[in-house]
Amino acid sequence: MSVENDKILTEVTQNEYKYGFTTSIETELIPKGINEDVVRLISAKKEEPEWMLEFRLKAYRHWLTMKMPKWPHLKLPEIDFQDVIYYAAPRKKPKYDSIDEVDPELIDTFNRLGIPLDEQKHLAGVAVDAVMDSVSVKTTFRETLAELGIIFCSFSEAVKEHPDLVKKYMGSVVPYTDNFFATLNSAVFSDGSFCYIPKGVRCPMELSTYFRINAANTGQFERTLIVASDDSYVSYLEGCTAPMRDENQLHAAIVEIIAHDNAEVKYSTVQNWYPGDKNGKGGIYNFVTKRGICKGDNSKISWTQVETGSAITWKYPSCILKGNNTTSEFYSVAVTNNHQQADTGTKMIHIGKNSKSTIISKGISAGLSQNSYRGLVKVLKSADGARNFTQCDSMLLGDKCGAHTFPYLEIDNESAIIEHEATTSKIGEDQIFYCNQRGLDTENAIGLIINGYAKEVLNKLPMEFAVEAQKLLQISLEGSVG
Amino acid sequence: MTKLETLQHELLDLFTSNKETITGQDAPLLNEFRASAFDDFKRLGIPTKKHENYKYTNLESYLTGPEYSYELAPLNFEVNLDDLFHCDIPELATRIALVLNGFYYKHNRPVDLPEGVILCGLAEASREYPELIKKHYGKYAKAENDSLVALNTMFAQDGVFLYIPKNVVLDTPIQIINIAFSLMDLRITRRNLIIVEDSAQGSVLFCDHTLCGKSFITNSLTEIYVGENTNFDLTRLQNENGNSTQISNTFIHQEGNSNLTTNTLSLHGGLIRNNTYAKLNGENSYNNTYGLFLSDGNQHMSTFTNIHHAKPHCTSDQLVKGILNDTSTGAFNGKIYVDKGAIKTEAYQRNNNILLSKTAKMNTKPQLEIYNDDVKCSHGATIGQLDTNALFYIRSRGIVYEEARHLLMYAFANEVIGKIKLEALRERMIDMVDRRLRGELGACENCKIIHN
């Protein structure tokens, strides 16, 4: 049986990354490296106001004093930050008024990725902000949303058109001094999405940002800011892919979410950056800071992530439960294969009374990969009646991979109830046998078991994403067993 | 310079200026390790809260305090420990050895041991049994990456040496009473070595006591080697005064088919930090690590474990429970580490804690590091308070609140106490924990312990 499984595993690991094509489009690049002039140049290119430049420079100066973190359970190569291009944009007109003006190459690219920019042809009710390299290409359904008072646009536009909102909320959850990569992002971030849901509005469609790296040697630094006013609701999706290249590319993003009284924000990610080839060559280094704050009472933030891509993932979507009776959820499936490394998890900081958090993390590691869960549950003295439930399971496929769990529980309140449990195991041979017995071949059996294992998380994804994620899981792992 | 850095320099100076006294204690084999340990300690420094393993244990306020003296050679003050100390556990048939301030008590009554079994001071052993010391001393506790091990190795003079030869079954447990007694505040270094050869069996009970209200800082290190087909138990009872600080390192090396259980019961102390490192270095071996701690006042009790599965088919089980009251703080930092080749490993870890007061604080960090797919590993941690439904159930049967609460706490603690293999001790512990939970001091009466 193991010979057969090895064969299947080999087949699976040789599966090509299907989003690995490049688009030949004229790209505007700035010189490599980072210094104050580059920061100023980026700001100038984006025609930003003075206060934005000040913010960037403050961040840049602070970044100079920082060192790359060494604590993750990752083999981090030395990254030469002077060897990265910090800004790349498809040339041509930076702003499009209608779809006809968009470069057909670009439309084609996004069509191939399954992200139609053409609203007419769009079946599902999803509004998309498509970001290629450093700029937002097109935001769909803007007018429909505007009728409800929802602002959904690229970050650069928001800086120009809604400076008060941006000024008020940017950096309020992830300050520019937060960590090495967040600070770098604050200095050089290029674009991203901005979303504001006014009071009492329930966003009628899923909002989505699609990130695409195209240019070589560039880093992508985007920033997303979501503000949900009192009694509002929004479901937000994020997807990402990159071409296959031999060199590693850097991606350092920030996502900030602010939920006011009774607001609910659902944030889902399917992260599928290029993971590198089967020998560990190339791939994206993904260093992302995502954090939400349940600022008002009874607010709710939920993070759902399916992490299948990137050579290195360093990502901890977190939530500060500041208001009373706030709720936060974190659902994660992290899959690593070949030489991928992931150190991912969450932080739940309980400040408000009766705040509740749930963490469900499913790690799957195969090949020569290392997959770690790292999470913090912190209950402050003020958080009477805080409740947390954490479950992190790891599954190992193959005897050369590793799965690790590093939970931190810091409890400073006697009325808190905190539970943590974790298991690590391989696919049960008895489960496979059971499926075989009922006529499923091993490959399908494993697909079934893996999907069942991850179901708890996949169920939390919006429908369109759940289908994609399920397929992705199947591509990444179907048939592999240790 | 921070307080800990100052302390580090003081300790280094103390060593340099008293090198002759320390090395002059007629324990040549122990001296061989001092120079490199000195360098390691100098390089590593005393761990601060920035050190990942000491994230939740702040040594600073405990290690730097009043002016501590250091006993560099056994004090010659004639105190008859037999008069001062009687273990009052009824029907606990043990062979008793006393250790005073880290030095094996000279006037220990000779005990009747099976042939070949050696029980003596470590310094004496290094003179009398150099080949055993050479083979095992410093082999399991590595100073190069742990500064407190380095510190111990630097100053280690004496402690207990126990040797159980091949095929010998030691049916009566050996009880080692570590006494801290001094007229001055004191730093104590204690170093024990236990060797259990193939197919041997034995059990050891450590009792840590302070016989006066002075402040003590104890750096205790025990190395345990268990050979193939062995069965060995180590129970540790920590009951020291509130001014005392104890850092206790246990390094265990297990060969194939061995079965080893450690059970650490921390009843009282200022700061207690128990580090247990076990390496399962042979197939089919079993390791059980149990612990119970009860803290109140502003005590700090911290348990650190690292169970390293190096060979296939081994099983390990960890269970640490804590009840915290007042402003006490607790920490659990446990790790299961499974090597690439260690297939069919089964490793479990559980940490349950009850917070009784608003101001008590518990930090826990149960970790798994697994480099192998053919394993069954799990860990769980809970922090909470007594189950209100259970409380209600008991009270609805006419039992008053305080008693109901006590019953539940007792039941919680009993899971660990129940694992004590020595029956007489178990009975006694039940009583001691019972009294401890009622807020009385669970002291052994005849110990004349002065708690505060």
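# Reading a two-chain predicted model

Visitor: What counts as a strand, and when do two strands pair?

Guide: Helices (H or I, at least four residues) and strands (E, at least two) are DSSP runs, numbered from the N terminus. Two strands pair if DSSP finds at least two bridges between them. Here, for example, E421(A) has G380(B) as its bridge partner in β20(B).

Visitor: How many residues does each chain give to the contact?

Guide: Two residues are in contact if their C-beta atoms, placed from the backbone, lie within 7 Å. By that rule chain A gives 31 residues and chain B gives 30. On the chain B side, the elements that supply two or more residues are β19 (361-370) and β20 (375-384). That side divides into 12 nonpolar, 11 polar and seven charged residues. The classes are Ala, Val, Leu, Ile, Met, Phe, Trp, Tyr, Cys and Pro as nonpolar, Asp, Glu, Lys and Arg as charged, and the others, Gly among them, as polar.

Visitor: Which residues of α3(A) are buried?

Guide: A residue is buried if 20 or more other C-beta atoms lie within 10 Å of its own, exposed if 12 or fewer, and partly exposed in between, with C-beta atoms placed from the backbone. In α3(A), the buried residues are F55(A), R56(A), A59(A), Y60(A) and W63(A). Viewed down the axis of α3(A), they fall within an arc of 130° (taken from the directions from the helix axis to the C-beta atoms), so they line one face of the helix. What covers them includes α2 (36-45) and α8 (180-188) of chain A. The face turned away carries the exposed E50(A), W51(A), E54(A) and L64(A).

Visitor: Where do the buried residues of α12(B) pack?

Guide: Helix α12 (residues 423-437) of chain B has 15 residues and reaches 21 Å from first C-alpha to last, close to the 21 Å expected at 1.5 Å a residue; the expected span is 1.5 Å times one less than the number of residues. Its buried residues are L425(B), R428(B), M429(B), M432(B), V433(B), R436(B) and L437(B). They line one face, because they fall within an arc of 160° seen down the axis of α12(B). They pack against β8 (201-210), β10 (231-239), β12 (259-268), β14 (286-295) and α11 (401-417) of chain B. On the other side of α12(B), E423(B) and D431(B) are exposed.

Visitor: Where in chain B is confidence lowest, and where highest?

Guide: pLDDT is the predictor's confidence in each residue, from 0 to 100. Chain B averages 87, with 93% of the residues scoring at least 70. Confidence is lowest in helix α6 (residues 81-84) of chain B, at a mean of 64, and highest in strand β11 (residues 245-254), at 95. Over residues 442-452 of chain B, pLDDT stays under 50. Where pLDDT is low, the predicted coordinates should not be read in detail. The model scores ipTM 0.77 and pTM 0.82.

Notes
Residues numbered from 1 in each chain as written. Chains lettered and ligands numbered in written order. Predicted model: local features only at pLDDT ≥ 70, side-chain atom pairs only at ≥ 80, totals over all residues.
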